[in-house]
Amino acid sequence: MARTRLAGAARVARWADAALGPGRAGATTDGKATLSAATAERAAAELGLSTAQVRADWDTARLAGLVEVHGDSARPGWRLRAWDRDDSAVLRGWVALFDAWSLACPEPDGHEPAAVAEVVSAMPQVLSFLQLSAGPVPVEQLLDLLQQRVTELRTERCEVSYEPGTGQPAGSPDPVDPAPAADTPLAPLLDWALRALASVGALTYGDGQATLTPLGSWAVWVKLEQICVAAQSPAGNIEQSAEDMLRGCAQLRPNAARAEYRAWLAARPVGSAVTELIGAARGDDALLRGLAFEALRVVGAPAEPDVRAVVDEPALRPYALLWLAEHDGVDPEDAHQVLTREEATWLWVDTAAAVADHGEAPMLVRHLESAVQPSVPQLLDEVRAVGHPRTVQVLVALAAAHPDPALAKAVRRAAFQVHTGG
């Protein structure tokens, strides 16, 4: 359903990518993928569409994230790149369009912006009611619900502290009109909202009633589920920064940690969440680096561009390569095969640093078994060569933890050689 709804937008976005991208033979004079009048006419002629349809599909492509506009230029979004191979990219594109329903149709003239904003804020409750009703609902019933919700919003907005006997908010010298849009009739705005939601495929609207489409019902259900997940943050880290949230998850079992990641992610935009997680991974704490990429696994496809962007950063490269391999369908147990010997050794040291900082001595000893090198002397040689900034601390901690005196002595010698540059 989402593919069908966005087929026209994907077609125009692909045309723009092929015909207007930098270096293309038929690019516009400024070399940028802009949809000027001439570009729209050219697209209409080549695609067999009207210019009005091209512009409508272009606007849909922008709202769905199939194209990203930067100033007066545009470039393909990650969803367009992943369109044919990733169903989740298609669904996320449609959800982005659904979230932007208020931009899909022009709002009616002659209404206060405050009243329009109130209706937009109240529509999630209207949609939830439609979803729970699981069938056609008379518009009169939706109007009653909308009026109730708008009244609640106005009441919440007017909950301010008043100076005794003045009737004015505390600290304010002038009277404040608490509800400038209180007299605005809501029926025309409800009609606009329902038509806009119908235009994006979320519902059908006609004959005095509205019904969610299966796609719209699914989207509302997903939104409700996200709210429930966010409300049930098991460890209470939902309001924390990415770094603090990851620290809070360090002692949780894997399933509990994933639940915490989902709750944290549900409470914020995916783009800013991914940026925060990547930022935490760049820090000095190796444990947070590993946990950040575990959280990025919960994010899934939307994190792919950001993960690819850090592949050339030495500290993040092994984690990013493993993430991308698993994202492309490689079995997690086999994903390590995408790493070179040097990358695998760097990751071994980084993981050992996390264990040394946050784990117990027996865990560090057991970590020896995960090295790709067949012998400890070979491991030590390659660890010294890889140049990880925590090499000395890791080797010292391993020497102190290992019960074999001869092996511990060899590890201490290697640590001393690294420390002195020998």
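1. E313 sits in the loop between α16 (304-309) and α17 (317-327), while R282 sits in the loop between α14 (270-281) and α15, so the bridge ties together parts that are 31 residues apart in sequence. Keep in mind that this is a predicted model.

2. How exposed are the two partners? E313 comes out as partly exposed, at 26% relative accessible area. R282 is partly exposed too, with a relative accessibility of 46%. For both calls, the partly exposed band runs between the buried limit of under 20% and the exposed limit of over 50%.

3. Elsewhere, salt bridges with shared partners put R85, E304, R308 and D328 into one network. The count for the whole structure is 21 salt bridges.

4. Next up is D99 with K223, another salt bridge, where the closest N and O atoms are 2.9 Å apart. Distant parts of the chain are linked here: D99 belongs to helix α6 (residues 87-99) and K223 to helix α11 (residues 214-231), and the two are 124 residues apart. D99 is partly exposed at 43% relative accessibility, and K223 is partly exposed with a relative accessible area of 27%.

5. E68 and R75 also meet through their side chains in a salt bridge, at 3.5 Å from N to O. The cut-off for a salt bridge is within 4 Å, so this pair at 3.5 Å counts. E68 has a relative accessible area of 27%, which makes it partly exposed; R75, at 47%, is also classed as partly exposed.

6. On to helix packing. At what angle do the axes of α15 and α18 cross? The axes of helix α15 (residues 286-299) and helix α18 (residues 341-358) cross at roughly 115° and come within 7 Å. That makes α15 roughly perpendicular to α18; the perpendicular class covers 65 to 115 degrees.

7. Which residues make that contact? From α15 they are A286, L287 and R289, and from α18 they are W346, D350, A353, A354 and H358. Sorted by class, the contact of α15 with α18 has five nonpolar residues, one polar and two charged.

8. Three strands make up an open sheet, ordered β3-β5-β4, with antiparallel pairing. β3 (137-138) and β4 (203-206) are the edge strands, each pairing on one side only.

9. Zooming in on one pairing, β4 and strand β5 (residues 209-212) run antiparallel and are joined by four bridges. L203 stands opposite L212 in β5. Helix α10 (residues 187-199) lies across β4 and β5, and runs at about 130° to β4.

10. A last stop is T60, in helix α4 (residues 51-63). What does T60 touch once its neighbours within four places in sequence are left aside? Its contacts are then L6, A9 and L97. T60 and V12 are 48 residues apart in sequence, with a C-alpha to C-alpha separation of 9.8 Å in space.

Methods:
Residues numbered from 1 in each chain as written. Predicted model: local features only at pLDDT ≥ 70, side-chain atom pairs only at ≥ 80, totals over all residues. Heavy atoms only, no water. Axes fitted to C-alpha atoms, helices over the stretch in contact; angles between N-to-C directions. Parallel < 35°, antiparallel > 145°, perpendicular 65-115°, else oblique. Contact = heavy atoms within 4.5 Å. Nonpolar A, V, L, I, M, F, W, Y, C, P; charged D, E, K, R; others polar. Buried < 20%, exposed > 50% of the residue type's maximum accessible area, 1.4 Å probe, protein only. Pairing = 2+ DSSP bridges.
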